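Here's a quick briefing for anyone meeting this structure for the first time. Have a look at the model, then read on.

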Amino acid sequence: MYLDQWILFAIYWVALFAGVFAFVHALMQRADAYTAAERLTKPAWLGISGGGAAALLIFGPGGVGMMFWIVGLVAVLVYLVDVRPKLIEVQRGPRW
């Protein structure tokens, strides 16, 4: 394998781990925290993160299904970067 193949292989596994982590995190949060954080509902984010994780698992970062892989990665990253911090902030309470 060449260096570019190793890099794509590493990106694939890191993205897959992030997708599974996002889905498990969304599953473990309280349903009222999503509405308190002014985000979509818990079932919506379970569907988005679960679908994103499934897309990351089924399709790879190269080949015909790369577009679906990128869409899955973007969905997972939106949850991790935008929704997850808001949920943690809402459930933790105000920090001084």
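Where does glutamine 29 lie? Glutamine 29 sits in the loop between α1 and α2, and we'll come back to it below. Before that, some ground rules: this is a predicted model, where local features need pLDDT of at least 70 and side-chain atom pairs count only at pLDDT 80 or more, while totals for chains, interfaces and linings use all residues. Residues are numbered from 1 along each chain as its sequence is written, and side-chain values use heavy atoms, with hydrogens and water left out.

**The big picture**

- The protein has four helices and zero strands, and along the sequence the pattern reads α-α-α-α.
- Helices here (H or I, at least four residues) and strands (E, at least two) are DSSP runs, numbered from the N terminus.
- Taken along the principal axes, the C-alpha atoms fill a box of roughly 50 × 30 × 15 Å.
- Of the 96 residues, 33% count as buried; buried means under 20% relative accessible area, exposed means over 50%, and partly exposed is in between (1.4 Å probe, protein chains only).
- Take the contacts (heavy atoms within 4.5 Å) between residues at least 6 apart in sequence: 63% of them join residues at least 24 apart.
- The protein exposes about 6300 Å², with carbon and sulfur atoms supplying 74% of it; accessible areas come from the Shrake-Rupley method with a 1.4 Å probe, and for residues only the protein chains shown count as cover.

**Helix α1**

- Helix α1 covers residues 3-28.
- With 26 residues, α1 reaches 38 Å from its first C-alpha to its last, close to the 38 Å expected at 1.5 Å a residue; the expected span is 1.5 Å times one less than the number of residues.
- Its buried residues are Tyr12, Ala15, Leu16, Ala18, Gly19, Ala22, His25 and Ala26, and their cover includes α2, α3 and α4.
- A handy rule for reading such lists: an α-helix has 3.6 residues a turn, so residues three or four places apart point the same way.

**A nonpolar patch on the surface**

- Met1, Leu3, Trp6, Ile7, Leu8, Phe9, Ile11 and Trp13 make up a nonpolar surface patch, together having about 880 Å² of accessible area.
- Patches are made of residues with over 30% relative accessible area and no salt bridge; like charges are joined within 9 Å, and nonpolar side chains (Val, Leu, Ile, Met, Phe, Trp, Tyr) within 5 Å.
- Isoleucine 7, one of the patch members, is found in α1 and counts as partly exposed because its relative accessibility is 44%.

**Helix α3 and alanine 53**

- Helix α3 runs over residues 42-58, and its end C-alpha atoms are 24 Å apart, which agrees with the 24 Å that its 17 residues should span at 1.5 Å a residue.
- Buried in α3 are Lys42, Trp45, Leu46, Ser49, Gly52, Ala53, Ala55 and Leu56; these buried residues pack against α1, α2 (31-36) and α4 (66-92).
- Alanine 53 has a relative accessible area of 10%, so it's buried.
- Setting aside its neighbours within four places in sequence, alanine 53 is in contact with Leu16, Gly19, Val20 and Val76.

**Back to glutamine 29**

- Is glutamine 29 buried or exposed? Glutamine 29 is buried, with a relative accessible area of 11%.
- Not counting residues up to four places away in sequence, glutamine 29 touches Tyr34, Lys42, Tyr79, Leu87 and Gln91.
- Its side chain makes a polar contact with the side chain of glutamine 91 (2.9 Å), and a polar atom of that glutamine 29 side chain lies 3.3 Å from the backbone oxygen of histidine 25.
- A polar contact is a pair of N or O atoms within 3.5 Å; within protein, one must be able to donate a hydrogen and the other to accept it, and residues adjacent in sequence count only if both atoms are side-chain atoms.

**Salt bridges**

- A search of the whole structure turns up two salt bridges, each being a side-chain nitrogen of Lys or Arg within 4 Å of a carboxyl oxygen of Asp or Glu.
- Arginine 30 and aspartate 32 meet through their side chains at 3.0 Å, N to O; arginine 30 is partly exposed at 46%, and so is aspartate 32 at 44%.
- Aspartate 82 pairs with arginine 39, the closest N and O atoms being 3.2 Å apart.
- Aspartate 82 lies in α4 and arginine 39 in the loop between α2 and α3, so this pair ties together parts that are 43 residues apart in sequence.
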